[in-house]
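Thanks for coming, everyone. Please have the screen in view before I start. I'll keep this brisk.

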Amino acid sequence: MITPLVVANWKMSIEAPEIREFVASWRATADAAVDCVIAPPLAYLGLLSQVPGIQLAGQDCSSEASGAFTGECSAASLLALGCQFGIVGHSERRQRHGETDDIIATKAQQLEAVGLTPIICLGESSQEREAGETFAVIERQVRAAVRGLHRAPVFAYEPIWAIGTGLPAEPSDAGTVQQAIANELKSIFGKKGDGRVLYGGSVKPENTAEFMSEQGIDGLLVGGASLTAESFMDICRNAGG
Ligand code: PEP
């Protein structure tokens, strides 16, 4: 039985006072049989370092190990700040920062090299979906992202049209895509590594159980609905069944 993984991506949507409020309200639910992970803005990782039941992730990392790269954040520094995971390849970074499949693969390699588990985001645009290219896009992104990795990472399937729109994918459609990702991972890595496949895109407490009941969905990546402790606790509880 795979332990569900629920990841909160706080992006740049929260500041210290709200994080302190979140921490004060957070209750680690021992009965919620889920791994709960939060990716706060980098500067606030320390505010979450001692919170029971929460593991930490970076929202991004450099494709370089060290050196003259002003403003970047190494995988080693995420480890030093207490992270167990690092998110790479979020569509906002692919679109706004021109990150290619190659750059994302290199970032994932940096995370793996220091012992962190990469959470690699991928997903098709609405144009690609309408053109019937979803599976081709996903296969290309998966193969490119695992190049050079020795263990299966976590993947987060996030159809771009479902992120922040309030319009989630149909759980059964997401499950089918995710099963394809899981099969691909199994054929490349066997049992080595994490290999969980998450769904992300307009998840909220009310639709959590439906997504989690789909075969192929091992957890969730949550943006907007993870910003308050009540909402994120509900999602974690519902994901635990
Ligand atoms: C995301 O940004 O990765 C995301 C899934 O956001 P939301 O849950 O707000 O759609």
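Predicted model: local features only at pLDDT ≥ 70, side-chain atom pairs only at ≥ 80, totals over all residues.

I'll go through the strands, then the ligand, then a few single residues.

Let's start with strand β8. It covers residues 219-222. Are its faces covered or open? Both faces of β8 are covered. On one side sit Gly-219 and Leu-221.

Now, which strands join β8? Take β1, residues 5-9. β1 and β8 run parallel, and four bridges join them. The bridge partner of Val-7 in β8 is Leu-221.

Next is β7, residues 197-200. β7 also runs parallel to β8, joined by three bridges. Here Gly-200 has Leu-221 in β8 as its bridge partner. So much for one pair; here is another. Leu-198 has Gly-219 in β8 as its bridge partner.

On to β6. β6 pairs with β7 in the parallel sense, over three bridges. Find Tyr-157. Tyr-157 stands opposite Tyr-199 in β7. From β6, the chain crosses through helix α7, residues 171-189, to reach β7. This β-α-β crossover is right-handed.

Is Val-154 buried or exposed? Val-154 counts as buried, because its relative accessibility is 0% and the cut-off for buried is under 20%. Now compare sequence with space. Val-154 and Ile-87 are 67 residues apart along the chain. Their C-alpha atoms are separated by 9.2 Å.

Now the ligand. How many residues surround the ligand? The answer is 14. The closest are Lys-11, Glu-158, Gly-164, Ser-202 and Gly-223. What classes make up this shell? Four residues are nonpolar, eight are polar and two are charged.

For His-90, a polar side-chain atom lies 2.8 Å from a ligand oxygen. For Ser-202, a backbone N or O atom lies 2.7 Å from a ligand oxygen. For Gly-224, a backbone N or O atom lies 2.9 Å from a ligand oxygen. How much of the ligand does the protein bury? Taken alone, the ligand exposes 300 Å², and the protein buries 95% of that.

Lys-11 sits in the loop between β1 and α1. Its phi is positive, about 50°, although Lys-11 is not a glycine. Lys-11 counts as partly exposed, because its relative accessibility is 22%.

Ser-202 sits in the loop between β7 and α8. Ser-202 also has a positive phi, near 60°, and is not a glycine. What about cover? Ser-202 is buried, because its relative accessible area is 16% and buried means under 20%.

Arg-93 lies in helix α3, residues 91-96. Arg-93 counts as partly exposed, at 25% relative accessibility. Arg-93 and Glu-170 are 77 residues apart in sequence. In space they are 25 Å apart, C-alpha to C-alpha.

Then Glu-99. Glu-99 is found in the loop between α3 and α4. Glu-99 is buried, because its relative accessible area is 9%. Glu-99 and Lys-204 are 105 residues apart along the chain, and their C-alpha atoms are separated by 28 Å.

To finish, go back to Ser-202. Ser-202 is among the closest residues to the ligand, and its loop comes between β7 and α8. That's my tour.

How values were computed
Residues numbered from 1 in each chain as written. Heavy atoms only, no water. Near = heavy atom within 4 Å. Polar contact = N/O pair within 3.5 Å; in protein donor to acceptor, adjacent residues only side chain to side chain. Areas by Shrake-Rupley, 256 points an atom, 1.4 Å probe, with all protein chains shown as cover. Nonpolar A, V, L, I, M, F, W, Y, C, P; charged D, E, K, R; others polar. Buried < 20%, exposed > 50% of the residue type's maximum accessible area, 1.4 Å probe, protein only. Helix = DSSP H or I, 4+ residues; strand = E, 2+ residues; numbered from the N terminus. Pairing = 2+ DSSP bridges. Right-handed = clockwise from strand over helix to strand, strands pointing away.
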